[in-house]
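Reader: Please take a close look at a single part of this structure and say how it sits in the whole. Give the cut-offs for each term.

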Amino acid sequence: MPTGRLMRVGLTGSIATGKSTVSSYLKQKGIAVIDADLVAREVIESGGRAYDGVKMAFPEAFEEGRLVRPKLGQIIFQDSEKRQQLNQLMHPSIRQQMLDEADAYERSGHSLVVFDIPLLLEGDWRTLFDRVVVVYCPENMQLRRLMQRNDLSEEEAYARIHSQLSIEQKKELADDVFFNDGSLDSLYQQIDKWLVLYDTDKHESGT
């Protein structure tokens with residue numbers, strides 16, 4: 001369990017449950033949010049922590065020293081072993097960069113940092129955090145939102161949802177749950193109440 005003054009919180013959910021909405025609202029409130037998807041892109045850019053390793057392992061995905069993401073995508077989605085190899089190259093770099101960013105936030109005076117990680121509970125992230133927050137809505141609502149958002153058939157949306165742990169499993173594994181099955185105001189009120197408990201500096205920018 002992390003120790004020290006900085007509260008480290010893992011934020012997750014499932015596809016179309018509203019995690020990005022929560023993350024955006026936290027940023028508006030002045031909370032430090034570290035986005036795992038953004039860090040994953042940064043570490044394989046030139047000069048990034050994983051750039052050299054990925055370039056050595058997948059030279060066919062690079063042109064003039066720059067990663068061509070669609071090429072890399074084609075390689076790894078057709079070969080599970082190569083996908084695993086890429087993950088092994090990237091995950092330590094992603095984790096270390098996120099931890100370094102959290103340390104920098106602590107040095108700048110923040111008391112709370114939120115790590116936005118889509119597959120937090122599917123991976124081995126949990127021990128890094130003081131608390132894990134799950135953004136929840138029932139699966140039937142999740143299915144409907146995903147079909148509308150991505151213009152998917154029910155079968156396609158269902159397959160995407162079930163490529164992850166179910167939202168009910170994640171809800172049971174959470175320390176805290178934000179229920180996103182009502183209005184936006186209701187969701188924001190839950191977040192505000194949670195911040196009173198865990199943001200000891202009570203950042204108020206954006207309010």
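Author: Of the contacts in the chain with a separation of 6 or more, 74% are between residues 24 or more positions apart; contact means heavy atoms within 4.5 Å. The model is predicted, so local features need pLDDT of at least 70 and side-chain atom pairs count only at pLDDT 80 or more, while totals for chains, interfaces and linings use all residues. Residues are numbered from 1 along each chain as its sequence is written, and side-chain values use heavy atoms, leaving out hydrogens and water.

The chain has 9 helices and 7 strands, which are DSSP runs numbered from the N terminus (helices: H or I, at least four residues; strands: E, at least two). Of its 207 residues, 43% count as buried, that is, under 20% relative accessible area with a 1.4 Å probe, protein chains only.

The part to examine is strand S5, residues 112–116. Because 5 of its 5 residues are buried, S5 is largely enclosed by the rest of the structure. In a regular strand, side chains alternate between the two faces of the sheet. From S5, Leu 112, Val 114 and Asp 116 point one way, and Val 113 and Phe 115 point the other way.

S5 pairs with two strands, where pairing requires that DSSP finds at least two bridges between them. Strand S1 (residues 7–12) pairs with S5 in the parallel sense over 5 bridges, with Arg 8 opposite Val 113. Strand S2 (residues 32–35) also pairs with S5 in the parallel sense, over 4 bridges; there, Val 114 is the bridge partner of Val 33.

How values were computed
Buried < 20%, exposed > 50% of the residue type's maximum accessible area, 1.4 Å probe, protein only.
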